[in-house]
Amino acid sequence: MTQQTSTNLAVECREIHKTCGAGDSRVHVLRGVDLEVPLGGMTFLVGPSGCGKTTLLSVIAGLLNHSEGTLQVLGTDMDRLRNGKA
């Protein structure tokens, strides 16, 4: 896949990680997801049940916080929004 510039991307995920729980019950739901969704296109997210599709979409939508990585939606750094700095 050709890497897009941030100006023509609707969503840009870099090394997104999501963990749930703590200690021995800690579960790694997302492990280093990279995703580019171009503006004006159609993107499908497919995979087997339990692979993290809904979790990734929830992170992108801002319903869940990611544990590590960077996420931009329409050029806005979602960490800045989450921390009240945008």
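## From one contact to the whole chain

Author: Let us start with two side chains, those of D79 and H66, which are joined by a polar contact of 3.2 Å. The term denotes a pair of N or O atoms within 3.5 Å; within protein, one must be able to donate a hydrogen and the other to accept it, and residues adjacent in sequence count only if both atoms are side-chain atoms. The model is predicted, so local features need pLDDT of at least 70 and side-chain atom pairs count only at pLDDT 80 or more, while totals for chains, interfaces and linings use all residues. Residues are numbered from 1 along each chain as its sequence is written, and side-chain values use heavy atoms, with hydrogens and water left out.

Reader: Is D79 buried or exposed?

Author: Buried means under 20% relative accessible area, exposed over 50%, and partly exposed in between, with a 1.4 Å probe and protein chains only. D79 counts as buried because its relative accessibility is 17%. A contact means heavy atoms within 4.5 Å; leaving out residues up to four places away in sequence, D79 touches H66 and G69.

Reader: In which helix is D79 found?

Author: Helices (H or I, at least four residues) and strands (E, at least two) are DSSP runs, numbered from the N terminus. D79 belongs to helix α2, residues 78-82. The chain has two helices and four strands, in the sequence pattern β-β-α-β-β-α.

Reader: What is the order of the strands in the sheet?

Author: Two strands pair if DSSP finds at least two bridges between them. Here four strands form an open sheet in the order β2-β1-β3-β4, and the pairing is antiparallel. Because β2 (27-38) and β4 (76-77) each have a single partner strand, they stand at the edges, and one side of each lacks a neighbour in the sheet. Helix α1 (residues 53-61) packs on the sheet and touches β1 (9-20), β2 and β3. Eight bridges join β1 to β2, with T19 opposite H28. Two bridges join β3 (residues 68-73) to β4, and V73 stands opposite T76.

Reader: Which residues touch the most other members of the largest nonpolar core?

Author: In soluble globular proteins, nonpolar side chains tend to be buried together. A nonpolar core is a set of buried Ala, Val, Leu, Ile, Met, Phe, Trp, Tyr and Cys residues joined through side-chain atoms within 4.5 Å. The largest one has 13 residues, of which V11, C13, I16, L35, L56, I60 and L71 touch the most other members. At least two residues come from each of β1, β2, α1 and β3, and β1 gives the most, with four. If neighbours within four places in sequence are set aside, the contacts of L71 include V11, C13, I16 and I60.

Reader: Which residue in the loop between β3 and β4 deserves a look at its backbone?

Author: Most residues other than glycine have a negative phi. L74, in the loop between β3 and β4, has a positive phi of about 50 degrees although it is not a glycine. L74 counts as exposed, at 62% relative accessibility. E15, in strand β1, is also not a glycine and has a positive phi of about 55 degrees; at 42% relative accessibility, E15 counts as partly exposed.

Methods. Axes are lines fitted to C-alpha atoms, for helices over the stretch in contact, and angles run from 0 to 180 degrees between N-to-C directions.
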